[in-house]
Amino acid sequence: MSSNQSSTSAPSAAASGWATLEDRCDVAILGGGITGLTLARQLRRALPDLRIVVAERQQHPVPEAAHKVGESSVEVQAHYLREVLGLQEHLDTEQLHKFGLRMFFSHAGNTDIASRVEYGQIKPAPLPSYQLDRGRLENHLGTLVGEAGVVFLTGCRVEQVTLRPQEETHLVRLTRDGASREIAARWVVDATGRSGLLKRQLGLAKPIAHHANASWFRIAHPIDIDEWSTDEAWRSRVVNGDRRLSTNHLMGDGYWVWMIPLSSESISIGIVADATAHSFDGFNRFERALDWLREHEPQLAQEVDKHQDKVQDFRVMKDYAYGCEQVYSGDRWCLTGEAGVSIDPLYSSGGDLMAISNGLITDLIERDRCGEDIAELAVAHNQVYLVLADVWLVAYAGQYQVMGNPQVMVAKVIWDTIIYWAVPGLLFFHDKFRRLGASPQAFQNLLRTWHLHARVQQFFREWHAIDNPPAADQFADPYSLLEFIVDLHNGMAAELPDDELERQFSRNVRLLEQVSGQLVSTVIDRLAPQALADPATAAQLDAWRDEEFLTDLVSVYRDEDPANPIDPSWITLGHHDRERQEVA
């Protein structure tokens, strides 16, 4: 296997920081990966005189390409990196602009990409997102925080954390090259990722009902999915963009495979599968993973076979999802990123949760520095963040079973996109999360969204159980067809004043209720003929008609403004007998 080492020099602070390390700081950040470094930059930009120490066990510079996963960003993380942290120049010149999420659903052995149902955009979205070479980004962040005066210690291990809530500071013991130092820090933030140092120390681990496994590798060769077919009609569907720059997902029963291009000319490839549908032993080593791809995704396997000499790494993650009982404390400690919660990579939500968490932590530290009592605020921020994590979780838990059903999964992806732009996207772009606890109406709208989202995800599973027809050779681009989805996308960056933002949030939640009612009503109507000959379908339709929560949603949908109806075509974009969409 080959490797690609960055030529970026290590930040100067890393070389001298240990020798000049002071005994006391304002914030000690444990872990200097993307989460810890972005938090350090955000804190330094908000409070330029804040004394920050970041302790990272790896040496810098880290390798490009074959470093870490979490390479695909979506709108919230992209906005955080670009606007909150001021990284637009780096993103535009050193990373790749992402051409959206693209999915290809299984068909006839997956030997012809052009015959598969394809979901994705045909032109760039107004608000950009990025494909991130994590090594390149973390090297750049390390340089920036060092230049800004943050003490960035690389090759440094955290040996012990002594929390002293009754004192002015906590104690952190560090070791580097055999030497040991103890520093006092007013705030301690755990950004150690899956190591979860403070979570283990405080017994905060929380199991969740989502069990899936992953393996991945990088290849030092750009694989272009457009070259998998010579069908000009298929290749010409994308009129203004490059499929290769999408986060391409190959979807099947109980699994998906990612293909993410990197600016270092490598490609990241990963297998993610439900633990009950696909044994982890079947893809937990490179040779096994390649055999697995030969069986399930033979076109990709052929490409990997051609370039085995350029494979850069191979890594695995078993049962990667977990929760946390508490992430912020008025006793001046916090967990951020995967040190607290890890959910699922399907929609790249880890970077979003990192961005939201870092913002809430920055708010706590800013207010504490101003002399405020932050005890109640920490409770409110903790509640907001954990509810958000649960909102995201319901999109994945139990849902891998529908991934091989194009008509249900396309509708689900559109629903998940709608709810993402309507709620967390809108609130993050408007810096609302740190003020959400002070707005009872907004927080109630968040809870309404959570409960609605959970029931709609259950509806997708029930729909899948009674309706899973074959499908092939279709193209679904909801952004070109559905105006209300585009409005939600653009609305995230509308820069609304706070009173109008509250009203827009309420309107968005009402829209979600209308759209979900439309989903239920449309599916019932479409399956009614099938129910005449199929008792299982008839029983499920009767159950839906009898459920008060669903009938209330249908009523909300039927009460919508007749002058501004919601286009129902989003529900059938993946349906097997729908005419293929050819959008110019």
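Let me begin with two helices: the axes of helix H13, residues 440–466, and helix H18, residues 548–558, come within 12 Å of each other and cross at roughly 105°, where axes are lines fitted to C-alpha atoms over the stretch in contact and angles run from 0 to 180 degrees between N-to-C directions. H13 and H18 are therefore roughly perpendicular, a term used for angles of 65 to 115 degrees. This is a predicted model, in which local features need pLDDT of at least 70, side-chain atom pairs count only at pLDDT 80 or more, and totals for chains, interfaces and linings use all residues. Residues are numbered from 1 along each chain as its sequence is written, and side-chain values use heavy atoms, with hydrogens and water left out.

In the contact itself (heavy atoms within 4.5 Å), His 451, Leu 452, Arg 455 and Phe 459 of H13 meet Phe 549, Leu 550 and Leu 553 of H18.

Let me turn to strand S15, residues 247–252, where 6 of the 6 residues are buried, meaning under 20% relative accessible area with a 1.4 Å probe, protein chains only. Thr 247, His 249 and Met 251 point one way from S15, while Asn 248, Leu 250 and Gly 252 point the other way.

As for its partners, strand S6, residues 101–105, runs parallel to S15 and is joined to S15 by 5 bridges, with Leu 101 opposite Thr 247. Strand S16, residues 255–261, pairs with S15 in the antiparallel sense, also over 5 bridges, pairing here requiring that DSSP finds at least two bridges, and Asn 248 stands opposite Met 259 in S16. In the hairpin of S15 and S16, with 2 residues between the strands, Gly 254 takes a positive phi near 75°.

Terms used: Helices (H or I, at least four residues) and strands (E, at least two) are DSSP runs, numbered from the N terminus. Angles under 35 degrees count as roughly parallel, over 145 as roughly antiparallel, 65 to 115 as roughly perpendicular and the rest as oblique. Buried means under 20% relative accessible area, exposed over 50%, partly exposed in between (1.4 Å probe, protein chains only).
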